[in-house]
Amino acid sequence: MPDHQFVLTLSCPDRPGIVSAVSTFLAHNGQNILDAQQFDDIETGKFFMRVVFTAADLAVELTALQTGFTAIADRFAMDWQMRDRASRRRVMLLVSKSDHCLVDILYRWRTGELEMIPTAVVSNHPRETYGNLDFGEIPFHYMPVTKETRREQEEAVWKLVQDTKTDLVVLARYMQILSDEMSAKLSGRCINIHHSFLPGFKGARPYHQAHERGVKLIGATAHYVTRDLDEGPIIDQDVERISHRDTPEDLSRKGRDIERRVLARAMRHHLEDRVILNGRKTVVFMD
């Protein structure tokens, strides 16, 4: 990836001239557009755009581009960001006993599929829970939690987020409910994988509940965490067809597979600046 390849994402009230203003600004600053996607939400009257660009004639510093673009952003009341694509986001992984998502994320990171910098693995279970799983140089933090110690534990997690300059927190089957306060602090930068195609079966043993109801599809949902449990903006979902021959164990096995790939896709979309919040929903510009 060229050193001066940047990505701009924006949302704003829809009105004529937005695309023209963005493309003209980039052209006047010696930039060449490599990819551009846009969406006009007719229902909300909002406009969304993602543009990848690189230096064509001259290399302009990112800070200079950001400063120059501010006037356009103000004119159109944009919520926007402009990043260097070579800059990797810092990601913290929160886990409980189930490690299938954690193992998958670490594999995809090591193979370069997920371009990120892992800052820590945090668990409410001790290190031996994960046997011979290789964390390499990623720090592991055992932070047990009970109903009585939840506030103190979350304060410790939040301090770790700040100390490690973490950009994104991923609940990789972290079976603890975040408080409203913690959810607010991590708004827009905390992804959860839910073991159902939402809306779905609530409570424990969801695949057993699904089996008892004779469902023909099971699925998983990756969404941003909000104070409303399992109702945050959805980033990615997937399903798999099943039959009457499948046992609860079969459903659990197939469910783990869906959870892995859905969470990985959601993380990649976020890390590549493909997700823009749209109220209770998201706009996801696919590759």
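What share of the contacts in the protein chain with a separation of 6 or more comes from residues 24 or more positions apart? The share is 67%. The model discussed here is predicted.

## Overall fold

The protein chain holds seven helices and 13 strands. Its radius of gyration is 21 Å, close to the 19 Å that the globule rule gives for 287 residues, so the chain is as compact as a globular protein of that length. Along the principal axes, the C-alpha atoms fill a box of roughly 60 × 40 × 35 Å.

Of the 287 residues, 47% count as buried. The accessible surface comes to about 14600 Å². Carbon and sulfur atoms account for 49% of that surface.

## Charge

The protein chain carries 38 positive and 41 negative side chains. The centres of these two sets lie 4 Å apart.

## Cysteines

How many disulfides does the model have? The count is zero. Cys101 is in no disulfide, and the nearest cysteine sulfur, that of Cys190, is 14 Å away. A disulfide needs the two sulfur atoms within 2.5 Å.

Is Cys101 buried or exposed? Cys101 counts as buried because its relative accessibility is 1%, and the cut-off for burial is under 20%. Cys12 also has 1% relative accessibility, so Cys12 counts as buried.

## Helix α3 and its cover

Cys101 belongs to helix α3, which spans residues 100-110. The buried residues of this helix are His100, Cys101, Leu102, Asp104, Ile105, Leu106 and Arg108. The list takes in charged side chains, Asp104 and Arg108. In an α-helix there are 3.6 residues a turn, so residues three or four places apart point the same way.

What covers the buried residues of α3? The cover includes strands β5 (89-95), β6 (116-123), β8 (168-171) and β9 (190-194). Helix α7 (248-271) is also part of the cover. After α3 comes Gly112, with a positive phi near 90°.

Ala21 lies in helix α1, residues 18-28. Its relative accessibility is 11%, so Ala21 counts as buried. Which residues does Ala21 contact, leaving aside its neighbours within four places in sequence? They are Ile72, Arg75 and Phe76. Ala21 and Phe69 are 48 residues apart along the chain, and their C-alpha atoms are separated by 9.7 Å.

Gln153 sits in helix α4, residues 150-163. Gln153 is buried because its relative accessible area is 7%. Not counting residues up to four places away in sequence, Gln153 touches Met143, Pro144, Val145 and Tyr174.

Arg173 is not a glycine, yet its phi is positive, at about 65°. Where is Arg173 found? Arg173 lies in the loop between β8 and α5 (180-185). With 11% relative accessibility, Arg173 counts as buried.

Asp273 is another residue other than glycine with a positive phi, near 60°. Its place is the loop between α7 and β12 (275-278). Asp273 counts as buried, at 5% relative accessibility.

Leu34 is in strand β2, residues 31-41. Is Leu34 buried or partly exposed? Leu34 is partly exposed because its relative accessible area is 46%, and that class runs between 20% and 50%. Beyond its neighbours within four places in sequence, Leu34 is in contact with Gln5, Val52, Phe53 and Thr54. Val52 is 18 residues from Leu34 in sequence, and 5.5 Å from Leu34 in space, C-alpha to C-alpha.

Leu229 is in a loop, between β10 (217-224) and β11 (234-241). Leu229 has 48% relative accessibility, so Leu229 counts as partly exposed. Leu229 and Leu178 are 51 residues apart in sequence. In space, their C-alpha atoms are 8.8 Å apart.

Terms used
Residues numbered from 1 in each chain as written. Predicted model: local features only at pLDDT ≥ 70, side-chain atom pairs only at ≥ 80, totals over all residues. Heavy atoms only, no water. Buried < 20%, exposed > 50% of the residue type's maximum accessible area, 1.4 Å probe, protein only. Helix = DSSP H or I, 4+ residues; strand = E, 2+ residues; numbered from the N terminus. Rg over C-alpha atoms; globule rule 2.2 N^0.38 Å. Contact = heavy atoms within 4.5 Å. Areas by Shrake-Rupley, 256 points an atom, 1.4 Å probe, with all protein chains shown as cover. Charge placed at Lys NZ, Arg CZ, Asp CG, Glu CD.
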